[in-house]
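Work through the exercises below with the structure in view, and try each task before reading its solution.

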Amino acid sequence: MSGGNCAQCGNKRVLRDYLLHLKFKTNYSFLAPHTSYVYKMIRRPSQWSLACLALLAQTRAAPADIPPAASFYVHNLPGLHQDTSHPLNIYAGHILSDPNAASAGSTDILAHLFFVMVKARKTADKERLMFWFNGGPGCSSFDGLMMEIGPWRVDGEGGLKTVQGGWEEYTTMVYLDQPAGTGLSYTSTNHYVHSLTEASKHVIQFLRTFYQVFPEYRHVDTYLGGESFAGQYIPYFADAILSSDLHLPLQGVAIGNGWIDGRSQYPAYLDYAVTHGIVDANSEEYKKSKQDTDQCMAEFNRITGLEPIHVNKCESLTNSVLAPKSRMVGGKKKCVNVYDVRLEDDYPACGMQWPPDLTNISSYLARKDVLVALHATAKSESWVECLGRVGNELHDNLSASSITLLPGILQRIPVLLFAGDQDFICNYMGIESMIKSMTWNGGTGLGTVQTRSWTVNGSPAGTWVSSRNLTYAKLFNASHMAPYDVPDVAHDMILRFMGMNFSAIVEGSARIPSSVGDDVKPVLLDGGNLPLSPIPPGKTPEQTKAQWDAYYNAGSVTLILILIAMAVGICIWCRLRRRPVHLSKTEVTEENIPLASAADGYDFDESRARRKRKGKERADDESSSPIFDVGEDDVDYCGDEGHR
């Protein structure tokens, strides 16, 4: 709408609609007082034209203006009970993210991505910033914020309760709803994105403005994190950032239970089901599922051109493979939860109603006072977890699968792939198969590398392996949304991946003991917030203790040997004075004293990580397996949790 259209202000309804349109289009805080003012003028007809002209004069420049950081500050989130010792500093709102905004029509409703930023609550060794993306496509990152890695959860009574284990403890977290239309982000339906390249351009435009609003983060170590379909998003976004003129200090990306490579991940549905006792390899159901899988891969291999993200023929495999576990309970058909095979759901949801927090989250985000507090009133539609229209508009055939980008990303920055072992839809066996077949940084697969046991708070947490800039972590007893099930384990994982210097952290999660192989987290004093003693670079307290134990043991043995020698010498001298002495020829064996600490010498027993389950049990592999070649058919090193 141009200035010449101001004649329309003679109609109250048109003026009101136009004001709402302008607020919806820009969502900049300075519009609010003008909107309120003109609403008052509607009651005073003689001033309609003046109000309209004043408003238009200021909104023409609105798309180019950068809103101040203060306009995004969340003063009070309804129902949130704060930790007064470490209060949350929250910023939220919409940022214009359409790279073609300058050439857009005046009445176009352009892409505005919604974000929530929670600043780090505690001091660490350095500042870090992470952008988090949930998948779908079309699923809101409020999943991550309110159910997985954020600082609060719904309390079931209309409010929020703060929780421990949130990644904002030491890292400033930005949860981004994208593509436009997802969650609380908005655009007109004719501006939905249709390819991952287009989505990347929107994220780059968002970042340009974000760093103008918050310039203090421009030189802070930055990471991207996400799960599920973010396995497609993140490699595209990382590649776009590294190839852009933003010059951001992108230090790494983390993808949890990601959909990255259909060629490897589709066949893993049946492999996983057999390994975890969901399907009997000798059954007719197995033969049917094997036939369906073979047909899927035949269709996959017939595709030429771009490496496909999805293949329609293969999308029914989850139902086909899991069908034998469906059953009737109380007149209702139940099916396996594809996001957590330990659980069941009503058919045909099969996991879509999980986690149970969703109902209360939807109710909370539907409240007007909550939307006002989050500066999210510009979107007229209610929040939904996953908007199907956004996913449908993102056409797979316009983008190559992100597996084609991942090797190039690994050449430039570290990548963490992590997987909860109870997920079916993007299961760890498919990810391992992908790693085995992928070529990067001069080799194919991980090669012959050491598999390290990973413990958190004295319990087996998973396995950890790294090779040529790639880290793969498998989390025991965790679902598709791994941090939802094992928050402390997931937090320990991300801190380790980001290279956190645990000795520099004086409070919080650093008190939770953990180790990856011989890499043991420093232990803090119970009565204070300092490490046990000054530690030489690269040595943990346990290693230092082991070193002193070695010195002590060596000194003790030497002293004992000297005393024995002196006693024997005196005895011989005394006896020689009387008569010849025949010495005993009994051989004395030296005692072998282990010098490593208990943590360093931890003998990982996979069976301890396994929980009791119903159904067919596999025989445990008792042999040790220090060498881990990802993707091999023998996966007995994994926990054998399955459907129950």
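**Exercise 1.** Find which residues Met498 is in contact with, leaving aside its neighbours within four places in sequence, and decide whether Met498 is buried or exposed.

*Solution.* Begin with the contacts in this predicted model: once the neighbours within four places in sequence are set aside, Met498 is in contact with Arg128, Thr171 and Tyr223. Then take the relative accessible area of Met498, which is 6%; because buried means under 20%, Met498 counts as buried. Finally, consider Asp221, which is 277 residues apart from Met498 in sequence, although the two C-alpha atoms are 9.3 Å apart in space.

**Exercise 2.** Determine which residues have the most contacts inside the largest nonpolar core, and which helix gives the most to this core.

*Solution.* The largest nonpolar core has 88 residues, and those with the most contacts inside it are Phe115, Phe131, Phe210, Leu224, Tyr266 and Leu417. Turning to the helices, α5 (residues 196–213) gives the most to this core, with nine residues. Another core, of 62 residues, lies apart from it, and includes Val116, Ile149, Phe418 and Trp464. To look at one member of the largest core in detail, take Tyr266: not counting residues up to four places away in sequence, Tyr266 touches residues including Trp259, Met297, Phe300, Ile309 and Leu317.

**Exercise 3.** Work out in what order the strands β10, β11 and β12 form their open sheet, and which are the edge strands.

*Solution.* The three strands follow the order β10-β11-β12, with antiparallel pairing. The edge strands are β10 (327–329) and β12 (344–346), since each of them pairs on one side only. Neighbouring strands of this sheet are turned against each other by 45° on average, direction ignored. Looking at one pair, β11 (residues 332–336) and β12 are joined in the antiparallel sense over three bridges, and Lys334 stands opposite Asp346 in β12.

**Exercise 4.** Identify what the mean pLDDT of the chain is, and where pLDDT stays under 50.

*Solution.* The chain has a mean pLDDT of 80, and 71% of its residues reach 70 or more. Over residues 527–558, however, the pLDDT is below 50, and this stretch has 38 contacts in the model beyond near neighbours in sequence. The pLDDT also stays under 50 over residues 576–644, for which the model has 115 contacts beyond four places in sequence. Where pLDDT is low, the predicted coordinates should not be read in detail.

Definitions and conventions
Residues are numbered from 1 along each chain as its sequence is written. This is a predicted model: local features need pLDDT of at least 70, side-chain atom pairs count only at pLDDT 80 or more; totals for chains, interfaces and linings use all residues. Side-chain values use heavy atoms; hydrogens and water are left out. pLDDT is the predictor's confidence in each residue, from 0 to 100. Contact means heavy atoms within 4.5 Å. Two strands pair if DSSP finds at least two bridges between them. Helices (H or I, at least four residues) and strands (E, at least two) are DSSP runs, numbered from the N terminus. Axes are lines fitted to C-alpha atoms, for helices over the stretch in contact, and angles run from 0 to 180 degrees between N-to-C directions. Buried means under 20% relative accessible area, exposed over 50%, partly exposed in between (1.4 Å probe, protein chains only). A nonpolar core is a set of buried Ala, Val, Leu, Ile, Met, Phe, Trp, Tyr and Cys residues joined through side-chain atoms within 4.5 Å.
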